[in-house]
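Welcome! Open your viewer, and let us walk through this structure one selection at a time.

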Amino acid sequence: MDANAPITHDVLTIPRKLPEGPQNLIGLSRDQMRDVLIKVGIAEKQAKMRVNQIWQWLYHWGVRDFGEMTNLSKSVRATLAENFVIGLPQVVTRQVSGDGTRKYLVRIAGGHEVEVVYIPETDRGTLCISSQVGCTLTCSFCHTGTQKLVRNLTTAEIIGQIMLARDDLGEWPVPGAPRDENRLLSNVVLMGMGEPLYNFENVRDAMKIAMDPEGISLSRRRITLSTSGVVPEIARTAEEIGCQLAISFHATTDEVRDKLVPINKRWPLVDLLEALRNYPKVSNSERITFEYVMLEGVNDSDADARRLVKLIEGIPAKINLIPFNEWPGAPYKRSSNNRIRAFADIIYRAGYSSPIRKPRGEDIMAACGQLKSATERARKTRAEIAAETGL
Ligand code: SAH
Ligand code: SF4
């Protein structure tokens, strides 16, 4: 990718409203789809087969028009078109960074907006998706945490982000062509806007659709959910989703973590670590990723590195060091490269892999923690934060 390539900024002209009225088929589980088909008159004994057919059209072929579902009779197609829509969130703008990173601003019902980021790498292509508009949590280094408005995304809006990225990448299979195993969109990370474990059911149901072998068919090993530490939901994630887990760790004492990740006041390090110790065996997953944002003079000392290694002893782990991505008005500075390397070295000598995350898409504000839609820039008041989080 040419690092000097210009940023392109396509503004698409779109209707402001999502279709209203007929029910959206996107986002339904197979059982839910069966129920709604029966309700509109599809014979009960055919319903399961119809679900299989429709499912493949929607999630394997990426078809958006009932007329193209050629293995269904004309009358079934007409019934579907009368009663249902195939509705995705709408891409409002698309920016492409000099490094190939793509950032989509996506509009959902109610006129809210979330961001989705696609990051191409040599061995994979990762889509970073959002789970909420804004975030009720208020991590002090995170731009999303200063955003006022919050609502949970629906299952359709979550799976829809993967589908619209596949549209843009031109990645739906072509009939008759062999299946391309080198996918452009090979991995999904729930690291965009929002706390996924505060929208558990919708995130779970959307990931079930993404993993379904008759459709998008992403392996659970290629999906990583990042949480700030909603301890009671961590065990459920292992049992009900089984994906990879990343944890926004960021500090090695409760005193510092209380300030950086305020949810720590409710579930402190000792509780969090216990939940993490149990995760791999319940989910049969690989290592847990410990995300650690490097903030100058706050959490980046040699003593922090040594404490970190000690705290996570016995947990299959990799540590992902994230140079702080600054945003206008941010109260922290990024640690120097030398400091980050010294920190990484201590971790590496303790036997952990400690990649330093390369900021991507910085020229289009697409890096971790910078996501925040331009329409919603008001800072929350302390009182609002307290009311929302109960902290
Ligand atoms: N709410 C979830 C997932 C979204 S944040 C969570 O907190 O885990 C994805 C990652 O980016 C988290 O590890 C988060 O702590 C980190 N992050 C947030 N703001 C950042 C910033 N300004 N610079 C670097 N990383 C940041
Ligand atoms: Fe929310 Fe995650 Fe940002 Fe914290 S780091 S405010 S949990 S999005």
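## Starting at the ligand

Begin by selecting Gly 194 together with ligand 1: a polar backbone atom of Gly 194 sits 2.8 Å from a nitrogen atom of the ligand. Keep in mind as you look that this is a predicted model.

Now show the protein surface around the ligand. On its own, ligand 1 has 540 Å² of accessible area, and the protein covers 96% of that.

## Widening the view

Which residues come nearest to ligand 1? Among the 21 residues around it, they are Gly 194, Ser 226, Ser 248, His 250 and Asn 325. Colour the shell by class and you will find 10 nonpolar, 9 polar and 2 charged residues.

For the secondary structure, select 223-227, which is strand 11, and 288-294, which is strand 13; each supplies at least two residues of the shell around ligand 1.

## Checking confidence

Finally, colour the chain by pLDDT. The mean for the protein chain is 87, and 85% of its residues reach 70 or more. Select residues 1-19: the pLDDT there is below 50, and the stretch has 36 contacts in the model beyond near neighbours in sequence. Residues 373-391 are also below 50, with 42 such contacts.

Terms used:
Residues numbered from 1 in each chain as written. Chains lettered and ligands numbered in written order. Predicted model: local features only at pLDDT ≥ 70, side-chain atom pairs only at ≥ 80, totals over all residues. Heavy atoms only, no water. pLDDT = per-residue confidence, 0-100. Contact = heavy atoms within 4.5 Å. Near = heavy atom within 4 Å. Polar contact = N/O pair within 3.5 Å; in protein donor to acceptor, adjacent residues only side chain to side chain. Areas by Shrake-Rupley, 256 points an atom, 1.4 Å probe, with all protein chains shown as cover. Helix = DSSP H or I, 4+ residues; strand = E, 2+ residues; numbered from the N terminus. Nonpolar A, V, L, I, M, F, W, Y, C, P; charged D, E, K, R; others polar.
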